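Trainee: I have a new structure open and would like to learn how to read it. Could we go through some of its features together?
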Amino acid sequence: MKRSLDSLESIAAMPADDDNLSIVNVSRRAFLKELALTGFVLAAGFPMLTRADETAGSAEPQKYGADAMPHGWVDDALVFVAIAEDGAVTIMCHRSEMGQGVRTSLPMVVADELEANWLHVKVEQAPGDERRYGNQDTDGSRSMRHFFMPMRRIGAAARRMLESAAAAQWRVPVEEVRAELHQVLHPATGRTLGYGELARAAAKLPVPERQSLRLKKEADFRYIGKGWLKIIDGLDIVTGRAQYGIDTLLPDMLFAVIARPPVFGGKVLRFDASDALKLPGVVKVIELKSSPPPADFNPLGGVAVIARNTWAAMQGRNALKIEWDNGPHAGYDSVAYRAELEAAARKPGKVVRNDGDVDSALQDAPKRLEAEYYAPHLAQAPMEPPAATARIVDGHCEVWTCTQAPQVSRERVAKWLNLPEDKVTIHVTLLGGGFGRKSKPDYVIEAALLSQAMQGQAVKLTWTREDDLRHSYFHTVSVERLEAGMDAEGKPVAWLHRTVAPSISSTFAAGSKHQMPAELGMGVINVPFAIPNLRIENPEAEAHTRIGWFRSVSNIPHAFAIQSFIAELAAAAGRDHRDFLLELIGPPRRIDPRSLGDSWNQGESPDLYPVDTGRLRRVVEVATREAGWGRQLASGRGLGLAAHYSFVTYVAVVAEVAVDREGKLSMPRIDISVDCGPQVNPERIRSQIEGACIMGVSLATLGEISFKDGVVMQDNFHAYQLTHIDDAPREIKVHLLPAAEFDTPLGGVGEPGVPPIAPALCNAIFAATGQRIRQLPIRDQLRKD
């Protein structure tokens with residue numbers, strides 16, 4: 001039965017935009033049912049073995065990249081591509097879209113190799129099913145890095161199947177035909193067949209072995225690396241048609257909010273819901289049990305109010321009378337805790353890297369310098385707070401939610417509901433920001449538990465802004481202490497760094513007090529400086545709240561401290577900061593990260609991804625050149641430099657700031673140079689770096705979560721402020737360094753732009769005013785009144 005493109009679009013939740021591009025947010029079940037009627041159903045096959053699966057149980061050594069991730073990667077065209085008889089190409093996107101443009105960039109790679117006409121491409125969001133789609137954890141700046149080649153192979157395989165179908169129909173060797181822009185050509189006779197005409201025959205062919213695939217040459221790329229494609233769901237987003245997790249509506253659904261323990265580790269002693277239950281619209285009040293530590297992704301517990309609408313649920317929550325046991329962290333005070341971290345930083349800690357003899361070199365150095373830097377807790381604060389809607393019918397739980405980790409959500413919901421995993425479906429909506437918060441599915445579990453408590457009736461759980469800011473998995477607080485010794489020429493000969501911060505591991509193992517190798521590998525243990533005597537120590541730090549990953553993670557405090565300290569050393573030596581930094585980096589060389597004590601290396605192969613000081617030097621040289629480093633500035637103005645390597649990408653920032661007589665800070669211009677290897681979608685890279693710059697400015701100038709008596713003191717954006725447009729940089733210039741070729745490894749993009757912003761700003765402030773900022777946020781430290 002042949003169906004038209006129009007009929008396909010009639011099932012879409014959102015209409016196509018002017019370019020006939022759309023995101024089709026139909027259910028997976030409806031998607032398969034519809035495609036079954038259209039002919040070429042490439043989505044029905046069972047996934048081919050991934051490389052990770054193939055090597056399971058073998059004696060193969062360490063795995064890296066996507067191979068090392070749960071369920072690795074899948075490059076089966078049957079899973080990711082479907083072509084209807086009317087020629088419509090549907091490509092599955094298995095990663096979460098939270099503003100980074102992944103629902104455009106990954107399908108674009110498939111479409112390029114497939115030789116598909118982008119005007120006839122649709123994107124379907126995959127549900128959480130890693131066995132089918134490969135790893136789906138959208139974090140770590142890994143989506144393109146891990147799936148560029150699998151997506152290319154998927155497109156190339158589908159193209160080959162279409163070419164083979166055409167060759168068979170024309171009875172000519174397949175080598176005589178070629179696919180080009182949605183049709184297959186036979187140049188010798190001038191015959192052509194459209195993709196829709198070939199779909200049914202191609203569907204009957206086996207998927208070519210990946211070793212036999214012919215990938216396009218770089219010169220033939222139609223979309224990859226060009227940057228002219230619009231973001232596929234951009235129009236829906238800016239016109240309000242896009243559907244986020246908080247927008248989910250189902251028939252006869254109920255709405256819920258939860259009163260959670262105000263202190264992490266607390267629990268309900270007793271509560272009185274009688275007043276809440278008298279309110280119009282309130283249906284039921286349910287106690288959720290607290291979970292013993294560690295926090296993991298478990299719900300915090302508390303008292304949930306179920307109502308006919310969210311407003312009634314919120315009013316019901318306000319009417320609850322709850323007596324809490326605030327538990328072991330009731331005394332957590334972030335001011336006092338900072339003093340504890342500083343005390344720990346001033347004593348020897350666990351040695352995690354030791355080159356040369358630091359103590360002797362420090363003792364003998366003609367000049368010594370030491371400094372401590374403080375970075376507070378931060379909240380991810382996505383514009384869309386966490387939200388999830390769950391429904392349980394006939395022992396099958398369906399969830400609609402804004403999640404970065406659909407598969408983890410599926411696993412945990414199945415566990416908490418005591419269901420087999422295949423009885424849980426996670427529908428991934430658009431995310432109104434994530435920044436790491438939505439990798440933790442506690443809110444998804446809460447929604448599922450509430451639906452279960454309501455006998456399977458659909459329940460939408462909404463976290464208010466206040467809920468999100470008070471109960472997040474916070475970015476760690478940190479004290480970084482650095483000491484250096486310099487010789488008579490001002491050259492560093494000794495470097496001691498003590499990094500003290502509660503670890504993310506405390507969220508999964510109660511009592512954990514040291515940073516993990518991954519956290520230490522975020523710019524501390526793997527500093528590539530040409531210093532003969534270098535020691536890194538990690539004293540203990542106890543966690544008193546849930547610690548989670550946050551965009552750029554530990555790179556933020558580490559880059560702030562190290563890049564600020566280098567500027568301090570340069571000033572103490574009377575040297576130009578740029579020249580001093582380049583000298584510290586040393587000559588171009590490719591360093592095995594294991595030789596630096598970094599066993600993590602962003603999870604990537606040290607052979608493919610060594611620490612390349614030549615690339616680090618280049619981003620410094622480009623950023624300073626483009627910013628006009630060394631130019632004369634008016635009084636009260638200054639340029640500041642910082643460079644950082646994270647997520648296997650190299651970034652340098654030059655910030656120009658102005659500080660007026662009252663101490664008001666403004667930023668006329670920020671230059672950012674980026675070497676992330678090959679650039680698949682340059683405009684998306686630029687937009688992510690620009691966004692990272694704004695976020696970095698916001699964190700550096702305003703961001704702080706503080707605790708008093710175990711309670712978060714900030715409860716909305718008036719207290720946890722974000723940078724307003726009037727205070728944003730007037731101009732952000734992103735300079736992308738070209739890569740030699742697309743065969744070289746890709747770097748991450750989503751996160752590396754954030755870490756160098758704070759130190760570049762603080763170094764610029766020093767250049768403008770002579771005032772050194774050693775604690776974040778900057779906030780009112782510059783005020784003169």
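Mentor: Gladly! Let's begin with a pair of strands: β15 (residues 387–393) and β16 (residues 396–401) run antiparallel and are joined by six bridges. Within this pairing, V393 stands opposite H396 of β16. Keep in mind that this is a predicted model.

Trainee: What holds strands of a sheet together in general?

Mentor: Strands in a sheet pair through backbone hydrogen bonds, and the pairing may be parallel or antiparallel.

Trainee: In what order do the seven strands of the open sheet come?

Mentor: Reading across, the order is β10-β11-β8-β18-β15-β16-β17, and the pairing is mixed. β10 (282–288) and β17 (424–428) are the edge strands; each has a single partner, so one side of each lacks a neighbour in the sheet. On average, neighbouring strands here are turned by 20 degrees against each other, ignoring direction.

Trainee: Which strands does helix α11 lie across?

Mentor: Helix α11 (residues 310–319) lies across β8 (254–259), β10, β11 (302–307) and β18 (459–462), and runs at about 30 degrees to β8. Helix α14 (residues 406–417) also packs on the sheet, where it touches β15, β16 and β17. The direction of α14 makes about 145 degrees with that of β17.

Trainee: Now to β20. Which strand pairs with β20 in the antiparallel sense?

Mentor: That is β19 (residues 478–486), through eight bridges. One place to look is E480, whose bridge partner in β20 is T499. The two strands form a hairpin with five residues between them, and G490 in the turn has a positive phi of about 85 degrees. β20 is also joined to β21 by five bridges, this time running parallel; there, A494 has N533 of β21 as its bridge partner.

Trainee: Why is β20 described as largely enclosed by the rest of the structure?

Mentor: Because eight of its nine residues are buried. "Buried" here means under 20% relative accessible area. W495 is at 0% relative accessibility, so W495 counts as buried.

Trainee: Which residues touch the most other members of the largest nonpolar core?

Mentor: W495, I672 and L761 do, in a core of 75 residues. Setting aside neighbours within four places in sequence, the contacts of I672 include V651, I689, C693, I732 and I757. Apart from this core lies another of 60 residues, among them A66, V102, W118 and A199.

Trainee: Which residues do ring pairs link into a cluster?

Mentor: F297, Y473, F508 and W549. R546 lies over the face of Y473, 3.8 Å from the ring centre. Elsewhere, the charged end of R772 sits over the ring of F766, 4.5 Å from its centre.

Key: Residues are numbered from 1 along each chain as its sequence is written. This is a predicted model: local features need pLDDT of at least 70, side-chain atom pairs count only at pLDDT 80 or more; totals for chains, interfaces and linings use all residues. Side-chain values use heavy atoms; hydrogens and water are left out. A nonpolar core is a set of buried Ala, Val, Leu, Ile, Met, Phe, Trp, Tyr and Cys residues joined through side-chain atoms within 4.5 Å. Buried means under 20% relative accessible area, exposed over 50%, partly exposed in between (1.4 Å probe, protein chains only). Contact means heavy atoms within 4.5 Å. Two strands pair if DSSP finds at least two bridges between them. Helices (H or I, at least four residues) and strands (E, at least two) are DSSP runs, numbered from the N terminus. Axes are lines fitted to C-alpha atoms, for helices over the stretch in contact, and angles run from 0 to 180 degrees between N-to-C directions. Rings of Phe, Tyr and Trp (its six-membered ring) pair if their centres lie within 6.5 Å; planes under 30 degrees apart count as stacked, over 60 as edge-to-face and the rest as tilted. A charge sits over a ring if NZ of Lys or CZ of Arg is within 6 Å of the ring centre and within 35 degrees of the ring normal.
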